[in-house]
Structure formats: C-alpha cells, structure tokens
Amino acid sequence: MQQTPFMNKIITLLLAVFFSATVSSQVKFEALQFSPQYPKAGQTISFKYNAQLSPLIDEKNVDVAIYLFTKKGVVVVEPKIVKAGKLYSGSFKVDTSAAVVAFGFSSEKEKDANGGKGYIVPVYTKDNKPVKEYFIAASSLLSGYGEYLFGMENSTAKAFSALEDGLKIYPDAKYEPNYFGTYIRMLNSAKKNEAKELVPQELEAFEQKGNLTEDGYNLLIQWYNRDKRKEKADKLTAEMKAAFPEGAWKKNEAGMAFNKEKDPAKKLELYNAYIAKYPPTADNMPLINNFKSQLANAYAKAKDYKSFYEWSKQGDKEMMASDFNNVSWNMAEKDEDLQEAKKMSWTATSYIKNEVQNPTAKTPQSFTKKQWKKQLKSTYTMYADTYAYISYKLGEYKEGLQYAKDAAANSEFKNAEYNERYAMLLEKVAAAAEAKKTIEQFVKDGAASSKTKELLKQLYIKQKNSEEGFDTYLTNLEMAAKIKKREELAKTMTSDAAPKFSLKDMEGNTVSLEGLKGKVVIVDFWATWCGPCIASMPAMKRAQEKYKDRSDVKFVFIDTWETVDNKLQNATDFMKKNNYPFHVLMDDDSKVVADFKVSGIPTKFIIDKNGSIRFKSVGFGGNDDALVDEIDSMIELAAK
C-alpha cells in the first residue's frame, strides 16, 4: 500500500483549562490531585489519580502519560507509576520551556477526558500567574489536538476567550507575532459576523505599532494575501526584504525553489547551492533529509534507480524505507520494473519488520512507547501489503501470502484493502474451499472490497459450474454485516442541533440548512487537495444515486479549507474534470466547517428532518462498498 502524506487537516497545538473567576486560580480536579499547587518550569510535580472517580473505574490497568507543551514541541513523559488498587501515583519534572502540563489517562477501550475539559494545568510564573505562552496554547487547544489526544471538546468561542484572558494579564502580548497570529486566526473563526470589519482593523493596528520583526512582516503579508490585498502584501514584502536582506525569507525562497523543481539535474543544482549557503546543522537536518528524499524521488520518476538508491540512503532510515515503499508501490501499479520494485519493497519491509521486533530508533518525543510501537506495527502492515502486492504481480504467490496475511491480521481482518490482497494470494495457494470460506467471512464482517466479492463469485462459479443463485447467496452473506453495522450505528446516534448555515453554490444560488428542513441532509466537508476526500467520492456518487428519487434526502458537498485564489473556479474545474454530479457549496471563509467543529476532512454529517445531527463520520477507510452501506444505514436511521 502506498504511504500518503497526512492530509486530514488538524489545527495544532495544545489544550487548556478555562478559569471562570480569575485566570490565576488554582486548577482543581476530582479524580486528579497534584503538587505543588502552582507548578513552575523546572519543578518536580507529584500526582495521584483515583480511577474510582473516573470513567476508567472498571478498567484493570490505566495508562498514564504526561504531555509537556514546550518550545521544542510536545514532549511526552511516562513516569514510573505506583499502583495501589485504583490509585495511581507518580512524579515528573517540568521542562524549563513548558507552558502547559496535560495529564493523559486511558485504557485500551477508553480515554478519561474529564468531562471534555481534559486534565490541563498551566505552568506558572514566580507570582503564580499562568505563563504568557499558556494562553497561546489555550487558544489552539480546542481546535483539534485536545480532541485527538484526550477526547476534549472543541470550541472556537472558548479558544478566543482564552486569548482575551491572557491579554488581561499580558496586554502587550497582543502585538507579539506569535500571540497576534493566534489571536487574529481565532478572531476570524469565533466572531464570524464581525470578522470582516475587525480583522482589517486589527491588522492595521498591528502594522502601525511599527518596529516589525521579520515574523511580524510575514504574518501581515500572509493575511493581506489571504484577503486578496496584493498591492499591500507586495509593498510589505519589499519592506521586509529591505529591512532583513539576509533574513529567513531568503532561505525560504531557496527552499521553495527546490521544492517546485521537477527535473532531477536542476534540482541537484539547487540542492548544492542551498547546502553551500546553509550548511547542515542539527536543527536543519530534518529539512535536509527531506530534500534528499525529494531528490531521490525525482530520480525515481526519471527511472534513474541508481541515483534513487544513492540519495535515499543518504537520509535517515525511516525516510529511506518510506521512499522505497512508495516508489515500489507506484511501479507495481504501473507494472514497471517489477523485479526492481520487489528489491525496494523488500528493503523497506524487512527494515521496518526488524524495528517492530528489535527497535533501534529512538521513540519520537511526542509519542508514548505504546503509541510508537503501534505506529511501527502500522507501518510494517503497510509495507508488507506492498510486498504482497508485488509478489502477486510477479506470480510469486507463496512468498507473498505470508506478508499479505500479516497485513490483514495486523488490521484484525477489518481492512478491506489488505483483505483483498490476502484473498487474491490465498486463492492462488490454498484449496478453493479454504479460500472461499475465508472470503465469505470477510463479506459477513463487512470487510470485503468489490474485487474481493468478484473473487468470491469466481470461486462460487467454479464450485457450482454456474453463477445462478450467486446474487442471493451474496446478499445473504452481506445481510449479517449490515444488521450488525446498523445496530452499532444506532448506539452512536446523537441529537445535537446542527449549526445553521447559508452558502452559495457554484451557480451562485444561496442554499441554507433552514431551507432544507424536512429533508435528511448529508453534509460532506471536502477539499480539492484532500486525497481521502477525493478517494471517497466514487462511493459518495453511488450513495447519492441510490437516493436520486427520494425528495426527502439531500446531499450537499461543502468545499472548505481551500488556499487557491479562485476557489469557485477551482471547485468548478474539479467537478467538471471528474464528472461528479454533486451539489457543491462554497465555504470560502472556512467558517461553516469551524461551526461544525471539524478537525479533519473528509467529515460527513447526517442531519435529520428537524435539523439535528444524528451521525458524524470522519475519514475514509478505502472500502467503497462499506461507505455506501454506512451512508445508507445512517440515512435510514435518521429518517426514522
């Protein structure tokens, strides 16, 4: 399987606690006690967590991880824990640059989110006030990362409020680029109606303060470009370059020129020029390794595999393995140089398999040991699937079968794509009855792709010498999965009021949720750059066609988080190119997506006839049939 960049957008950083009285109040929790009351950078914190007072009361073991949000990023600490019944005790030292301490308590099944607020503690100054950086963290916290780590609730209103709390203590912080950048972003999200007037005023005030740093200039330039004030942005760009002739902008422009170049020879020239100007250091080594990876891939596209190997091996081993896996997968899909692809895939697969069994690389600072082990296993699963695919293409079925089984088993036989590869190889190696039995189970579990079902059909015909009765046979197998899925979905139904919206479609017509009352509305948030969004569209097309004659069901596809200049033309071109018959609405300011508290796309909402959100579906697992069935079940349940 090809490894793709993570494109589901998560707005980063931290989490927060909000103070209803004074922002310097001590934070208190029911299940967690800690000391000292006002932790400071460099101090040791002792804590006790009573699972008896938490949602984890019935869990035999609770995992404890401490997340320190520092200037170096998120640093995870796993302190030694002393367990006495349901009481978990430990201690740890606060990093000298930490702004927030977040306690993570979880089991295999559940996370304790403290009622959606999280167990978040500010780091304090000597006079027991939260450090200034805490409020920057507290503004980004509810935008996704807290939800990802602890299941916290998202709220742009509270995020903006946290920043305003910080300005009560540190009024001058507003005009520091880092603080102001977060402030203006949250202002734009939290105060949508007033933002068109307030944001330009704030930008003007920031500029008028004078003594702009390069970061300050960049911030203004980005916002003026975003608001299509090109003349203003160009003027400030010229000023910045004159004020900082050897500033970071120069290095960034050199890096961007390298990124854009496709020709490997020209790319190499740009790389050498960059290295000569900015020699490798410990700080920029990740960027340099990324450049080496880009060079390697440019050579691979030119089919210069000798140079590809040379440049891949110059970077770190994890990136090399990723390059080998991606390139070999692409070669296999095109049936190009399969023996070469197999060699690459084997290198990647065997390396990561050894890392799973005998890790040599250091656990990244933002991962717990368990999370990193899980990540390594997931990576091996992906690479093993690639190797199995190439082996199948080469007719080396027995060799590929074990790796295909590893991939499918590591995903608990729930991933339709991995199951597909396993089924293809099993059919070639095992007895027909064994292969048929295995594939039948995939169908019953709702984990069979269309290709896997087609393979089952071939086995059925081989056994019966006819395809007569196959459709009924398949429907009966699928029924168990559909019933089970519908029962599981019914347990997840919500009844939250859907945020009201009114957006223009691609023809300029206004479409509002209020105007769709009385219909079950499927809202699909997507973007033209989002790989998983695009991958899910054939299934969404099938789902929409299934309900084309139902006047009480309406699909709308909200284009959001786009960064191109002409968003309407961009969306129109995409729909025409792919011949999708979707009703697209334009969320040009990304405000509706914020109202729905979306942290990654694609995200789909099923809204009932009374305007209540009944279901939320995030991401796309790659199985078209499963998505169509899921949407179908959600619609029918919501319609009731």
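The model is predicted, so to speak of local features takes a pLDDT of at least 70 and side-chain atom pairs count only at pLDDT 80 or more, while totals for chains, interfaces and linings use all residues. Residues are numbered from 1 along each chain as its sequence is written, and side-chain values use heavy atoms, with hydrogens and water left out. Helices (H or I, at least four residues) and strands (E, at least two) are DSSP runs numbered from the N terminus.

**Empty space**

- Rolling a probe the size of a water molecule over the atoms shows where empty space is left.
- On a 1 Å grid over the protein atoms alone, a cavity is a set of points where a 1.4 Å probe fits but cannot get out; a pocket is an open set with protein on both sides within 12 Å along at least five of seven lines; lining residues have an atom within 4 Å of a point.
- The second largest pocket comes in at about 1500 Å³ (grid points joined across faces, edges and corners, with volume as the space filled by probe spheres set on the points).
- Of its 43 lining residues, Asn188, Trp223, Arg226, Asp589 and Ser590 are the closest to the centre of the second largest pocket.
- Helices H3 (156-169), H4 (177-190), H5 (192-208), H6 (214-226) and H22 (591-595) each put at least two residues into that pocket's lining.
- That lining splits into 14 nonpolar, 14 polar and 15 charged residues (Ala, Val, Leu, Ile, Met, Phe, Trp, Tyr, Cys and Pro count as nonpolar, Asp, Glu, Lys and Arg as charged, and the others, Gly among them, as polar).
- As for cavities, the structure holds one of 30 Å³ or more, and the largest cavity has a volume of about 30 Å³.
- Asn289, Lys292, Ser293, Trp311, Ser312, Gly315, Asp316, Met319 and Asp323 line the largest cavity.
- H10 (285-301), H11 (305-312) and H12 (317-333) are the helices that give two or more residues to the largest cavity's lining, and H10 gives the most, with three.
- By class, the largest cavity's lining has two nonpolar, four polar and three charged residues.

**Threonine 560**

- Threonine 560 sits in the loop between strand S13 (553-559) and helix H21 (567-578).
- With a relative accessible area of 0%, threonine 560 is buried (buried is under 20%, exposed over 50%, partly exposed in between, using a 1.4 Å probe and protein chains only).
- Its side chain makes a 2.9 Å polar contact with that of aspartate 587 (a pair of N or O atoms within 3.5 Å; within protein, one must be able to donate a hydrogen and the other to accept it, and residues adjacent in sequence count only if both atoms are side-chain atoms).
- Beyond four places in sequence, threonine 560 is in contact (heavy atoms within 4.5 Å) with Phe525, Trp526, Ala527, Asp587, Ser590 and Val593.

**Strands**

- S1 and S2 (residues 44-50) pair antiparallel over four bridges (pairing takes at least two DSSP bridges).
- Phenylalanine 34 has phenylalanine 47 as its bridge partner in S2.
- Leucine 87, in strand S6 (residues 87-93), is partly exposed at 30%.

**Helix H1**

- Seven of the nine residues of H1 (residues 132-140) are buried, among them Tyr134, Phe135 and Ile136.
- The cover over these buried residues includes strands S7 (100-106) and S8 (119-122), along with H3 and H4.
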